[in-house]
Structures are given as structure tokens and as C-alpha cells.
Amino acid sequence: MTQLLLFNVTNGLIIGAFYALMALGLSLILNLSNVINFAHGGFLVIGGYIAYTITPYVGFWGALLIAPVLTAVIGFAVEAVLIRPLYGRDPLYSLLMTFGLAFIIEDGTRFIWGAQGKPVTIPPFLARPLSHEFFFITGYRLFMVATVTIAVGLIFTLLRYTRLGIRIRAATLDLETVAAMGVNVRMLRSLNFAGGIYLAGLAGALAAGQLGLEPTMGTGLLMPSFIAIIIGGVGSLTGTLIGGLLIGVASGVTAVFAPAASEAVMYVLMAVILLARPRGLLGEEGMMT
Amino acid sequence: MATPFQSRRFDRRSVLKGAAALGGLSVASPFVIAARAETPIRIGMIDPLTGVYAAVAQNEVMGARLAVDQINAAGGVLGRPIELLVEDSANDVGTGVQKARKLIERDQVSFLIGDVNSGVAQAIAQVSNEKRILHIVSGGHTDSITGADCKWNVYRVCNTTSMEANSVSSLLFSQYGKKWHFITPDYAFGHTLQKAAATDLAKLGGTVTGNELTPLGTTDFSAYLIKAQAASPDVILVLPQGSDMVNCLKQIVQFGLNQQAHVAGLQQELEALEAMPPEARIGIWMFEWYWNQPGVPGVDKFVADIRKVNGGKVPTARHWFGYTSVHTLAGVANQQKTLDSVALAKALGNFELPPEIKLQPNKCYYRAGDHQLMTSAFVGEAQSHGASDPEDLFRVDHVIAGDATAPAEGETGCKIQWPA
């Protein structure tokens with residue numbers, strides 16, 4: 001039993017890292033733009049399908065690099081055309097907009113690529129377990145964790161040490177003052193939105209190798225990401241990261257004792273944390289890291 | 001000068017015109033009646049065109065549309081054309097029920113077909129029964145639809161979960177081993193499929209090492225697979241369908257579990273095999289219909305007809321379900337020369353499908369006692385690559401008649417209550 005538990009804790013950390021990648025993108029957008037992006041799962045699917053489409057031309061590694069960038073470009077355009085006009089209004093407007101957008105993206109991908117799933121093949125050396133005993137740690141899952149770690153490291157470095165990052169953090173705290181100091185807030189929001197969508201695209205390109213690529217792929221991954229943000233605390237990227245890992249482990253451990261409750265446990269965990277600490281683990285209004 | 005508020009008196013010319021119009025109407029009325037006779041007979045079809053079963057649902061609709069075109073080209077039903085009205089249940093019981101009511105009450109459909117999702121199909125069957133509409137469940141497999149919850153107006157084309165389990169269990173037991181571990185989707189279809197296979201296994205003398213219930217839409221199966229591997233079974237049986245099955249099999253192969261135990265299942269579909277990478281296409285399964293049947297009458301034409309409307313791709317079992325459902329309704333209505341639901345439902349008992357519709361070697365008929373189509377099971381092994389065609393991803397070893405896989409009528413629990 002102890003070994004089974006250990007297996008599931010490790011496995012939960014791997015899954016949690018993936019949830020964290022999704023949740024970080026959501027969190028970036030929510031913090032600066034105050035937009036609850038229900039279309040984030042849709043952008044994940046777009047990232048997966050773009051990777052699938054360009055793989056024959058640029059290979060697996062090329063697709064992994066290019067697909068998130070192309071997804072971010074689409075995100076940039078969507079922000080400029082659909083989201084930007086709603087910034088001055090009640091956040092409910094942008095929520096409804098992204099909610100509708102999620103359906104449009106799902107049906108759009110179904111229209112372009114068909115309802116039937118697409119087979120995605122990953123490099124053979126990644127598609128095998130590293131050891132017989134720890135069979136669930138495959139090369140690909142380890143590679144996913146490494147990619148997530150690098151991406152998260154880059155995001156945190158960018159936010160802490162670059163001019164753009166400092167402006168994003170400042171604008172999160174006080175948008176009006178930053179605007180008054182001459183920063184192009186409109187562009188800042190667009191770049192930040194595109195950054196969040198880049199993470200969704202990266203998650204999609206990675207997930208396509210692990211899961212079945214089909215138009216509803218993002219639906220099941222979106223809710224854990226929202227829960228990760230709520231558990232970690234809205235406004236805190238570190239909290240989001242911890243929240244993602246925590247629900248992954250909780251889900252894995254529950255699967256040992258009550259498999260049917262392994263998804264429900266996320267909601268229970270969220271309820272318990274909200275009762276004990278309504279702002280989430282590290283949440284504080286306007287705090288970035 | 002007359003104002004608009006003043007009443008006008010009829011003059012002689014007006015009376016004459018009115019009389020002429022009345023006479024003209026009586027002459028023209030046969031044409032009006034004739035036009036009414038040409039009003040299409042409507043068939044409502046409800047399937048989850050969005051959601052995890054979208055691919056299979058769309059194929060059912062495509063098969064149904066092909067049947068509608070063929071029937072209309074051959075003169076329709078009772079001399080009237082038929083029209084297919086398709087609604088999306090979105091894999092949701094509430095939506096399915098709402099769409100069923102809309103089709104019956106507003107669109108006045110004469111027949112109903114659907115749904116892929118067993119839970120939705122059962123709920124729709126309640127509505128069709130209440131409204132006395134003849135209803136064919138095209139693709140929902142759970143036993144009770146033609147078992148304990150059977151209804152006088154509901155027939156089913158696809159196999160029951162018991163038929164699926166019975167067709168494969170003994171082969172799996174003899175070829176793969178006697179300790180089975182189930183990965184089961186946590187809803188009506190999964191529960192009855194697992195129960196049927198576990199019952200078969202107990203009769204054969206085997207043991208169940210565990211049963212992992214996975215919610216519909218599960219993306220990561222690793223936690224369940226860790227438990228399955230720890231139980232050291234001979235066979236891991238993968239029962240989820242659609243994208244859940246694709247995810248599960250991909251992960252099993254990436255974990256190398258297929259090197260430690262046999263991996264197989266009961267129901268497999270071409271849509272799922274095509275969505276997997278080649279290395280994940282493994283194991284013994286059953287197909288409910290397969291397109292590559294050399295020498296069986298009508299199959300080549302059906303394959304060619306579907307290829308024309310399906311971007312060159314071959315038909316799947318789902319195309320055949322939709323196709324057969326529509327042809328059944330049209331066939332029995334033309335045979336009985338009525339649209340009366342009760343008369344047609346009675347006539348469908350023991351109704352045998354002709355060769356160009358059944359498209360399989362064995363006899364194929366609706367059983368009178370439980371309204372279940374006795375259709376064949378195509379048992380064999382998944383192939384990583386197609387031998388004769390890129391889509392020939394399954395090797396059929398046995399085609400077992402429905403009579404041999406279905407439980408006896410008395411064992412289904414079905415007691416049909418006919419309306420007074």
C-alpha cells in the first residue's frame with residue numbers, strides 16, 4: 001500500500017505540473033486583464049491541432065516550438081478584436097464572450113479537422129517507461145515536466161527581471177498609475193494575453209502527444225486549472241503553481257482508496273481551503289508573486 | 001365618396017367573381033389534396049453531435065442520410081418522400097429530452113431515432129413512449145433498453161452490452177488468461193458491460209482482480225493503471241469508449257503495460273482505432289459491423305456509397321446503425337402500408353432485414369420478445385496498420401450470429417406492455 005501511495009504521489013506531481021501550466025496562463029490573463037478566460041481550453045485545442053498539422057513539415061520538435069507561438073498570435077488577434085472592447089465594462093461581459101468563444105473554437109476545430117480524433121505520434125525514445133518498476137514515469141511525461149519547469153522558470157524570470165514583466169506586475173497592482181506614467185497599457189494587455197495563450201498553446205502541443213487529440217480535449221483540463229487558481233489564491237502565480245501540484249497529488253492519492261472520487265476530491269479540497277482561508281493559499285488582492 | 005370606415009355593398013360583379021372563385025376552388029381541391037399527399041414523412045434523429053461522442057454520432061447521421069436518399073429515390077414511404085430532422089443531444093439527458101419533445105410536438109415527426117449515449121437513449125424512450133411514437137435506439141448499448149426497461153414502441157439496432165461480452169469473453173479467457181482487471185466508464189453503459197463480462201468470467205471459472213470506475217471524459221488514466229498493474233492481472237480490459245478509450249490505450253502502451261499483461265476489451269470501433277497511433281492498436285475485441293467483408297452481398301455498394309459522401313473514408317458500424325434504423329422504419333411502413341405506431345411496432349417483431357440492408361452473412365432480425373436486433377458480432381484483433389487498405393485496422397476472425405450471443409428472451413427481464 002505504501003508503495004502504491006508513493007507511486008500515486010509521484011504521478012500526481014507529474015499531472016499537477018501540467019495543470020499548473022494551464023492554470024498559469026489563465027492566471028496571467030485574469031490578474032492583469034480581469035478576464036476569466038473560459039476559452040483557455042479552446043486555445044489549448046488549437047495549439048494541439050496546429051502542432052498536429054505542421055508536424056509533417058517541421059517535425060515533432062519544430063511543431064513544439066512553432067505551434068505555441070502561432071496560438072499566441074491567434075490569441076493576440078482575439079484579444080484585440082473581441083476582448084479589448086469589453087475592458088471598460090462589467091467583467092461579466094468578457095466572461096460571456098470567452099464562454100461563447102469556447103463553443104465557437106470547439107465547433108471550428110470540428111469543422112476544420114473533423115469530429116474524429118487524430119493520431120499523434122511522439123518520438124519513440126520518449127514513448128517508453130524509464131524503469132520497469134516506475135512504469136508510469138515515461139520519457140514523455142518527464143519531458144513534459146521538464147518543459148513545464150522551464151516555461152514556468154522563464155515566466156517568473158520575465159515578470160521579475162525584465163522591463164515588460166515589471167510593467168505587467170505594476171499594472172496588475174495599479175493600472176491607472178502605470179497608464180498615467182506613459183506606458184502603452186493597451187499593448188501591455190495584448191502582450192500579456194498573448195503570453196497566457198502561449199502557455200495554453202504549449203500545453204496543447206504537449207497534451208496532443210499524451211492524450212487523444214480531438215475537439216473536446218480542452219474541456220476536461222479547464223476545470224482543474226480554475227480550481228488550481230482558486231486554491232492557490234487569485235492574484236498569486238506561485239499560489240497557482242502550488243494549487244496545480246496540490247490537486248494533482250490529491251487526485252492521485254484518492255485514486256488509491258476511492259478511484260471514483262478522484263475528480264471530486266479537487267472540489268472537496270477547494271471547498272475546504274476556501275472555508276479555512278477564503279483568499280486561497282497565497283492569495284492577496286493585487287499580489288503577483 | 002366612400003370613406004374607409006364605410007361598409008361597401010356587394011355589387012353584381014363581386015357576387016359573380018365570388019361564385020367563380022368558389023367553383024374554381026372545388027375543381028382545384030383535388031390538386032390541393034394531392035399536394036398534401038406529397039408532404040414528407042418526418043423522421044426525427046437525436047444524437048450527440050457535439051461532445052466526446054461527436055465523431056460516432058455524425059457517422060450515424062451520415063448513414064441515416066444515405067438511407068433517406070435511397071428510399072426517396074425508390075419512391076419514398078407510402079408514396080410520400082421522407083425527411084430527416086436531426087437534433088443535437090450534446091450528450092446531455094436534459095437536452096436530449098427537450099429535443100425529443102420538440103421533434104414530436106412541434107415538428108410532428110412520425111418516427112424517432114437515437115441516441116448514442118445509453119442514458120440519453122433511455123430518457124428519450126420515456127418521451128417517445130408517452131407520445132406513442134415508434135422509436136429505434138440506434139447506438140445506445142446498455143442492456144435495460146431492451147431488458148427491464150423495454151417498451152412496446154422501442155426497438156434497438158446496436159448490440160446489448162451482454163451480447164458484446166458474450167461474443168468475446170470465452171475467446172479472451174482461452175487465449176489471454178483467467179485473471180481480469182477492468183477499466184470501466186462510470187455510467188450505465190460501462191456498468192452493464194462490466195457486469196456482463198464479469199458474469200461470463202465467473203461462469204468460465206476466472207477471477208476479477210479489480211474494477212476501476214473512471215468518470216466519462218477522463219483524460220489521465222495513470223492512477224487507475226497503477227492500481228491495475230499492482231493487481232497483476234492476466235488481462236486488462238479497457239471498456240471506456242471514444243476519446244476516453246484512445247487516451248487509456250495510448251497511456252497503457254506508453255507505460256509498457258501491454259508487455260506485462262494482455263490488453264483487450266469488448267466493444268471496439270473504427271473511429272477510435274483511427275484516432276490512435278499505430279502502436280496503441282492492440283488486443284482482441286468485437287466490432288458490431290465491419291466494412292471489409294469479401295463476398296457478402298451489398299457490402300461493396302454500401303462502402304462505395306459512403307465513401308462518396310465521407311471524403312473517401314469507409315463506413316463504420318455507426319454508419320450502418322443509422323442506415324439500418326432508417327431502412328427498418330421505411331421497410332416496415334411500406335410493408336404494412338400504415339404509419340400507425342402500434343401496428344408497425346407489432347409488425348417489427350420477427351421482422352427480418354433483407355441482404356442489402358443487413359450487410360452481414362448471418363440472419364438479422366428483430367426479436368419479438370425484447371425488440372432487440374439479432375445482429376452479428378465481428379470478433380478479431382486490432383491491427384497496427386491496414387493490410388489491404390489504410391483503414392483495414394481490424395482482422396475479423398469470427399462472425400457470430402446475434403442468436404448465439406444474445407441471452408434468451410426470458411433472461412432479459414423484458415416484459416412488453418402493449419397499449420390497450
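1. A quick definition to start: on a 1 Å grid over the protein atoms alone, a pocket is an open set of points where a 1.4 Å probe fits, with protein on both sides within 12 Å along at least five of seven lines, and its lining residues have an atom within 4 Å of a point. Grid points are joined across faces, edges and corners, and the volume is the space filled by probe spheres set on them.

2. Please keep in mind that this is a predicted model, in which local features need pLDDT of at least 70 and side-chain atom pairs pLDDT 80 or more, while totals for linings use all residues. Residues are numbered from 1 along each chain as its sequence is written, and chains are lettered from A in the order in which they are written.

3. The largest pocket has a volume of about 1200 Å³. Of its 50 lining residues, Thr216(A), Gly218(A), Thr219(A), Gly220(A) and Gly217(B) lie nearest the centre. The lining comprises 22 nonpolar, 20 polar and eight charged residues; here Ala, Val, Leu, Ile, Met, Phe, Trp, Tyr, Cys and Pro are nonpolar, Asp, Glu, Lys and Arg charged, and the others, including Gly, polar.

4. Now for the second largest pocket, with about 610 Å³ of space. Nearest its centre, among 25 lining residues, are Leu154(A), Ile155(A), Gly195(A), Tyr198(A) and Leu199(A). Helix H4(A) is the top contributor to this lining, giving eight residues; helices are DSSP runs (H or I, at least four residues) numbered from the N terminus.

5. What classes make up the lining of the second largest pocket? There are 22 nonpolar residues, three polar and no charged.

Methods. Side-chain values use heavy atoms; hydrogens and water are left out. Helices (H or I, at least four residues) and strands (E, at least two) are DSSP runs, numbered from the N terminus.
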